[in-house]
Each structure stands twice: as structure tokens, then as C-alpha cells.
Number of protein chains: 2
Amino acid sequence: MAEAAVEIVAVGNELLLGETVDTNAAWLGRRLAAVGVRVARRATVGDTAADIRDAVTEALERTGAVICTGGLGPTPDDLTKPVVAAIFRRELVLDAALLEALRRRFEARGIRMAPNNRTQAEVPAGATIFPNPRGTAPGLLLEDERGRFAILLPGVPAEMRAIVDGSVIDYLVRRWPARPGPILHRTLRTTGIPESTLAERVADLLPPLEPLTVAFLPSAVGVDIRLTSWGGLPAAEARRRLEAADLALTARLGGHLYGRDAQDLVDVVSERLVAAGLSLSLAESCTGGLIAKRLTDRPGASGFLTAGIVSYSNEAKVALLGVRPETLRDHGAVSVETAREMADGVRARTGARAAIAVTGIAGPDGGSEAKPVGTVWIAVAVDGAMDVRHFRFPGDRAEVRERAAQAALALLLEHLPRAEGS
Amino acid sequence: MAEAAVEIVAVGNELLLGETVDTNAAWLGRRLAAVGVRVARRATVGDTAADIRDAVTEALERTGAVICTGGLGPTPDDLTKPVVAAIFRRELVLDAALLEALRRRFEARGIRMAPNNRTQAEVPAGATIFPNPRGTAPGLLLEDERGRFAILLPGVPAEMRAIVDGSVIDYLVRRWPARPGPILHRTLRTTGIPESTLAERVADLLPPLEPLTVAFLPSAVGVDIRLTSWGGLPAAEARRRLEAADLALTARLGGHLYGRDAQDLVDVVSERLVAAGLSLSLAESCTGGLIAKRLTDRPGASGFLTAGIVSYSNEAKVALLGVRPETLRDHGAVSVETAREMADGVRARTGARAAIAVTGIAGPDGGSEAKPVGTVWIAVAVDGAMDVRHFRFPGDRAEVRERAAQAALALLLEHLPRAEGS
């Protein structure tokens with residue numbers, strides 16, 4: 001096992017049947033790549049002892065290292081632990097510390113522990129236990145005399161991720177100290193510019209970036225430009241090149257660039273609001289709480305967000321935001337005038353210095369020739385200034401809502417003072 | 001090959017690296033299950049000839065039928081076609097009709113055809129061509145003298161889907177006319193009860209259900225119980241048994257059962273509100289617009305949702321909802337008293353007959369010994385009645401918020417009149 005490579009065996013009928021999209025696989029692939037561990041192959045099998053046994057045995061013979069996800073729960077269809085224990089010729093033994101932790105966990109939530117949870121405290125003899133901070137099934141590591149190993153992880157994404165980040169990566173990095181350069185990424189995140197226009201604008205910059213690769217990844221909230229060093233460069237050199245590429249591209253992207261890597265537009269907007277000491281209020285119609293939800297996904301929203309009003313009905317626009325009935329009658333709920341009055345109204349009622357108002361037609365119904373589905377008006381007010389813009393977003397209901405929320409945050413960002421050094 | 005079963009081999013470095021989430025696999029699994037074809041196993045391999053060859057060869061030996069997705073494009077890293085042609089001992093030959101169709105396709109778009117596209121018109125000798133209405137790489141079918149077969153499909157989801165629906169399903173149905181019954185599911189969706197407690201409560205009901213299988217699928221919003229007939233029963237008999245199993249389980253699940261199959265809790269709540277002619281308003285603190293967002297994800301929310309108020313700050317609770325400053329001072333924002341006043345306030349201000357109010361500590365900060373992170377008070381008011389409950393949710397900020405939103409909708413559901421026949 002000179003090469004730092006593992007195989008993944010994903011267990012679950014629901015994966016083969018397509019009831020569940022396997023998002024664990026992609027997440028795990030990225031995490032392992034980031035530390036220079038290659039995923040050599042992935043097998044997906046059902047909740048059948050023979051299939052799990054065959055897949056794990058083949059992976060151990062071929063690559064010598066396997067990570068299993070799924071099939072670790074307390075119910076009878078959870079077979080991964082006994083099957084892999086048998087491959088390594090281990091008995092399952094009750095771990096007193098795990099049992100005690102389980103009991104305490106249930107106690108804390110005021111729930112009686114069901115007896116079948118005892119199986120969650122059973123581990124293959126000699127296995128290393130990786131704590132699960134998010135659930136009841138711990139991660140397990142089994143190694144044989146030839147140095148081959150299997151790591152068993154629960155299939156629930158939050159639990160799997162917590163164990164990988166808390167224990168598995170550390171174990172793998174210690175196991176393979178001399179692995180090749182890591183796979184490193186830098187992502188530049190843009191919004192409000194189509195993929196083809198973006199690609200054209202930076203086309204001449206790309207060939208000199210080799211061996212870095214460049215991918216354009218479009219989604220409803222914008223286009224990400226992903227730069228990658230695929231492990232052919234040592235870490236320090238790869239980082240230097242990614243930095244230089246970032247600088248060159250940034251100069252071409254202007255206001256369309258809002259962040260990097262995992263930075264979401266709400267992170268950037270939140271930081272700027274806090275830095276400027278500005279309070280924000282929201283008046284949402286077609287986005288129906290999506291902007292409020294996104295801003296409050298992160299802790300810290302209480303530092304700037306006073307309130308949001310989801311004024312889904314015309315009555316609510318009048319009663320809660322003070323939009324004038326004549327405005328609704330003469331111009332309609334989806335109009336520049338209504339957007340402006342919504343923003344003014346929510347600011348007046350909350351005392352916030354900044355406001356976003358969104359009104360539009362998310363579909364599938366409610367469109368007309370003059371105002372087709374996707375028509376959205378967004379108003380942004382910051383202190384004395386007001387900016388109202390018209391958009392026509394493509395896509396279905398979910399996409400129109402996502403695009404409208406993203407455009408609203410991007411428009412607000414345009415009007416926020418730039419923080420020092422950003 | 002008595003059994004109607006295939007293996008899937010997904011080809012692409014991006015799948016192993018996690019750059020791309022493999023949505024093809026789930027889609028294909030559902031489509032095949034619907035016509036009674038079982039996916040026995042899935043392998044995911046990189047763009048490496050040896051790995052593709054091994055995976056396809058193993059699948060042919062094991063199951064005799066394989067569907068490959070990906071690696072059919074015009075670039076040098078697209079290896080599936082030559083590798084599988086070699087396994088079946090076929091030469092690649094230029095197909096004149098395909099070449100002509102390609103030329104016309106490029107012409108129609110006003111683009112000169114790049115020479116590397118010629119490889120798209122090469123097919124293994126004797127292969128059946130499945131037209132690709134959405135792109136340049138057709139689907140290909142190879143069969144050997146023992147009746148084993150491989151179907152090659154492009155990895156681009158829209159193209160893969162078009163070929164499956166246009167040709168592949170027909171071929172499989174004709175090939176296995178006497179295949180067993182279809183794979184059928186029934187999912188019972190529960191919330192507010194842990195997986196282990198649920199499993200215990202229904203444990204004695206499960207053995208008699210055979211050959212139906214039962215899986216427990218936990219997530220932040222509840223536990224789904226999935227009943228499956230794996231094709232061993234004819235369709236009518238399978239449906240009868242699923243129905244009987246559903247009835248038996250339903251009787252044990254009480255108010256924890258909120259829906260079936262693809263039904264989301266918001267669907268059920270929305271239907272009941274509309275059927276009862278009840279209007280709803282929301283006062284959200286820690287969920288920050290998540291409940292409003294979920295309700296407005298679907299069209300039709302305007303039929304019952306008057307307004308939602310995201311009262312993130314204490315000031316907003318007082319100014320927009322009429323919560324008394326003394327209540328906040330004496331009991332705190334996260335208290336039964338505040339939850340009650342929020343629900344009363346939003347109802348009074350919107351005139352809605354029903355209201356949900358949520359106040360809690362989503363974390364990671366803001367917890368104390370008396371009110372740790374995860375502490376949430378939910379008030380539900382319907383006409384004259386008010387029900388306020390205390391919860392203590394596990395998990396991180398996102399999970400606490402999701403669980404709180406789900407619990408709030410479930411509590412509302414308890415208080416809504418049951419529609420006729422549901």
C-alpha cells in the first residue's frame with residue numbers, strides 16, 4: 001500500500017433504487033482529494049450480507065483500504081458491522097463506555113432508550129472507535145495483520161461528515177505521510193454574468209495557467225470558476241500558482257466576483273453590514289422568506305437583521321408594510337412602484353437603515369404576456385438612496401426564487417460600503 | 001439470466017473526486033425499478049482503461065447485464081467505447097448515417113464540426129445504435145453469443161435520460177417479458193419519534209410482512225419507513241400486501257405519521273389548511289423564515305398564507321408582534337410566554353385564524369445551562385385554541401432549525417381538522 005488510495009463501498013437499497021441521491025460519495029471524494037488520498041473505485045450495494053461481503057472483500061484485495069458508508073443503524077436491515085467484522089474474523093463485543101454514552105444521550109433528551117440501541121454499542125473486538133458527535137453509531141476502524149483496513153461510517157450525511165473531519169482524515173494522513181502533492185482548489189464565485197460571457201472575458205488568461213485546470217460551474221445563483229492543481233505540484237508551489245491565477249482573473253471580473261471558495265454571498269453581505277454598522281430589514285413577496293432564511297442560516301444574523309416580513313398577500317402588503325391600495329390597483333403587486341413602497345414601508349416600521357424588497361412572479365401560475373413568470377422587481381434602500389431594478393429570470397419556481405434572492409443580495413452588496421482591504 | 005437485473009458502471013474521474021454528484025445513478029435506479037428491473041450493484045470508476053475493463057468484465061460475469069454511463073464524448077479521456085468494444089471483441093467502424101447526422105447537426109447550429117467529432121460516429125461492429133435526440137453520442141448495445149449484454153450511454157444527464165426513455169426501457173422490457181413483478185414501494189413518513197423507538201414499536205409487525213422488506217430511513221425532519229416488494233410478487237399481489245402493511249403500521253404510528261411516499265409535511269399541512277378554509281400567519285424567530293420558505297416553495301401558498309414575520313430581534317418582537325417588553329424582561333425571548341404572545345400578536349395583526357410562533361436557540365452561541373442550544377418553544381394557535389410546547393433538539397444550527405420547522409408544522413397538523421377520507 002505505497003499509494004494513498006481507498007475504495008468506497010456505499011451500502012443501502014435506497015441508493016440502488018434511486019430513492020436517495022448519494023451525496024456522501026461526492027463529499028467524501030472531495031475531502032480525501034484535498035489531503036492527497038485517491039478514491040480508486042466506488043461500489044454501491046444493497047442491504048444484503050453477501051453483496052456487502054463481496055464488495056468489501058474485493059476492495060480489500062484490490063486496494064487494501066476501504067471506507068464503508070451506511071448500514072450502521074440499530075435496525076435489522078443494518079448489516080455492515082457484522083458482515084465486516086466477520087471478514088476480519090472478529091466477534092462483536094459490547095463496549096461499556098459506548099453504552100454509557102448512549103444512555104446519557106437519550107437521558108439528556110428525556111427519551112427512554114429502546115433496547116435495540118444496545119447493538120449500537122457493540123463493536124468488533126479490537127476495533128478503533130471514532131466518536132460520532134452527531135449521532136449514536138460511532139465510526140469503526142478494523143485493521144488486519146497485513147496492514148489492510150476498513151473504516152465503517154454511518155450513512156447519515158451529518159454524522160458521516162463529523163466523523164471524517166473529526167477522526168478519519170487524521171488517521172489517513174498519519175498512515176500515509178509521504179503522499180504526493182495535495183489536490184488543491186480555488187473557486188472564484190461570480191453572479192449576474194452568463195457562463196459564456198464570463199468564459200469569453202477570461203479566455204486569453206487560461207492557457208498560461210497550466211498545469212492548473214479551470215472549470216466553469218454554472219448554477220441558479222451564479223457561475224463559479226474553479227481552479228485546480230491536481231496533485232502534480234508540491235503544496236507550496238500549487239498555492240503560489242493558485243494565488244497568481246486568482247489575482248489575474250479577479251482583475252477581469254469586476255463587481256461580478258463576490259467571494260471565494262466556500263464563501264457564500266450571504267457571508268459577504270453579512271460581513272459588510274456588520275463592518276458598516278448597518279441594520280437590515282426585508283420585505284419578501286415571491287421569495288417568501290428565502291432571503292431571511294439564507295441570512296439566518298449563519299449565526300450572527302442578529303448583529304444586523306432587525307426583521308423580515310413575508311407579505312405574501314396584497315392585504316399583508318397594505319397592513320404590514322403600508323403599501324398604498326391605489327399603488328396595487330394602478331400598477332399591480334409586481335411593479336416598480338410596489339417594490340419601492342415595500343422597501344420604504346419595512347424600513348419605516350423597523351427603523352432599519354437598509355432594506356431589501358422583492359416582488360415577482362415565481363410561477364408556475366400567475367404570469368401574463370406583459371409580466372411573464374420570472375418577472376421580478378427588486379428594491380434596495382440604504383440610508384437615503386433607493387435602487388429599484390427589473391429582472392426576468394429563467395427556470396422553474398425554485399430557480400426563479402433562488403435567482404431572485406441571489407440578485408437581491410448582490411444588489412444590496414453593490415450599495416454597501418466596501419470594508420477595508422476587501 | 002432468468003432474473004431481470006443489471007449492474008451499472010459509472011465512468012468519470014469527476015465522480016470519484018466528488019466534483020460531480022452522480023444524479024444519473026438515482027434516476028436510472030428509479031426508472032429501472034419502475035419496470036421491474038433490479039439494479040444489482042453499481043460501480044464507479046475513473047477514466048482509466050484498466051478500471052473500466054475490470055468493472056465491466058466483473059459485472060458481465062456476475063450479472064450478465066451492464067449499463068455504462070459516461071466516457072462516450074469526443075475527447076481523449078473518453079474511453080468507454082473502445083474498452084467495451086474490446087471486451088466484446090469488436091472493431092470500431094465508422095457509421096456513415098451517424099456521420100451524416102453529426103454533420104447536419106453542426107451545420108444547423110452554424111458551427112464547423114471539429115475533426116475529433118468523427119470518433120462520435122464510430123461504433124463497435126454489430127452494435128445496435130440507440131438514437132440520442134439531445135446530443136452527439138448515441139447509445140450503444142452490444143450482445144455476445146451467451147446473451148450477455150452491455151449498454152453504453154453518455155454521462156450528460158439530459159442525453160442519458162432521453163436515450164433510456166426513448167430506447168433502453170423498451171429493449172429491457174422486450175428482453176425480459178416474463179420478468180417478475182415490478183419493484184414497488186410504500187413509504188410511511190413519520191416525525192417526532194426516534195428511529196429506535198419507532199423500530200421497537202412496530203417490531204412484532206415486521207416478520208409477517210415477508211417477502212416485503214422494511215427499512216428505516218432517519219433524517220433531520222423525521223424517520224421514513226420504507227416498505228418494498230422486490231419484484232418477487234406479481235404487481236396486484238404486491239400492491240395488496242403493501243396496502244395491508246401500510247394499514248397495520250399506520251395503526252401503531254398515531255400522530256407521528258404525517259404522510260406517504262413523496263408527500264412532504266408542507267404538502268399535507270397546505271392541503272388541510274385549504275380544505276378547512278383556514279388562513280395561516282407565521283411569527284418566526286430562530287427558524288428565521290425557514291417555515292415561510294418551505295410553505296412558499298410550492299405554488300398555492302397564497303391560498304392560505306397571509307403573512308410571515310421574522311422577528312429576529314427583541315425590538316421586532318415588540319414593534320411588529322406586540323410582545324410585551326415585560327414578558328421579554330421577566331421570561332426572556334425564549335420562553336413559553338414569549339411564544340404565546342408572538343402567536344397572539346401575529347394573528348391579531350394579520351387577521352389569520354391560525355398561527356405558528358417559534359422562538360429558540362439555534363446555536364452555536366446563545367445557550368446557557370438553563371436554556372441550552374436546541375431549546376425551542378413552539379406555539380400553535382387555531383381559532384380559540386392555543387398549544388405551546390417545549391422542545392430540546394439535538395444537532396447543529398442547521399439541524400436545530402430544520403427540526404424546529406418540522407416540529408412546528410407537525411404541531412399545527414395535530415390541530416387542523418382531518419380532511420374527509422384522509
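Two strands count as paired if DSSP finds at least two bridges between them. Helices (H or I, at least four residues) and strands (E, at least two) are DSSP runs, numbered from the N terminus. The model is predicted: local features need pLDDT of at least 70, side-chain atom pairs count only at pLDDT 80 or more, and totals for chains, interfaces and linings use all residues. Residues are numbered from 1 along each chain as its sequence is written, and chains are lettered from A and ligands numbered from 1 in the order in which they are written.

**Figure 1. Pairing of E6(A) with E7(A).** Strand E6(A) pairs with strand E7 (residues 139–143) of chain A through three bridges in the antiparallel sense. Phe130(A) has Gly139(A) in E7(A) as its bridge partner.

**Figure 2. The sheet that includes strands of chains A and B.** Twelve strands are named in the order E6(A)-E7(A)-E8(A)-E3(A)-E1(A)-E2(A)-E2(B)-E1(B)-E3(B)-E8(B)-E7(B)-E6(B), an open sheet with mixed pairing. Strands E6 (128–130) of chain A and E6 (128–130) of chain B stand at the edges, each with a single partner strand, so one side of each has no neighbour in the sheet. Neighbouring strands are turned against each other by 20 degrees on average, direction ignored.

**Figure 3. E2(A) against E2(B).** Strand E2 (residues 38–45) of chain A and strand E2 (residues 38–45) of chain B pair in the antiparallel sense, with three bridges. Arg42(A) has Thr44(B) as its bridge partner in E2(B).

**Figure 4. Helices lying across strands.** Angles run from 0 to 180 degrees between N-to-C directions, and axes are lines fitted to C-alpha atoms, for helices over the stretch in contact. Helix H3 (residues 49–62) of chain A lies across E1 (5–11), E2, E3 (65–69) and E8 (149–153) of chain A together with E2 of chain B, and runs at about 175 degrees to E1(A). Helix H4 (residues 80–87) of chain A lies across E1, E3, E7 and E8 of chain A, at about 170 degrees to E8(A).

**Figure 5. Contact of chain B with chain A.** Contact means that the C-beta atoms of two residues, placed from the backbone, lie within 7 Å. In chain B, 66 residues are in contact with 66 residues of chain A. Helix H2 (residues 23–34) of chain B gives the largest share of the chain B side, eight residues.

**Figure 6. Packing of H10(A) and H14(A).** Helix H10 (residues 290–297) and helix H14 (residues 397–414) of chain A pack at an angle of about 65 degrees, with axes 9 Å apart. Leu290(A), Ile291(A) and Arg294(A) in H10(A) meet residues of H14(A), among them Arg401(A) and Leu409(A).
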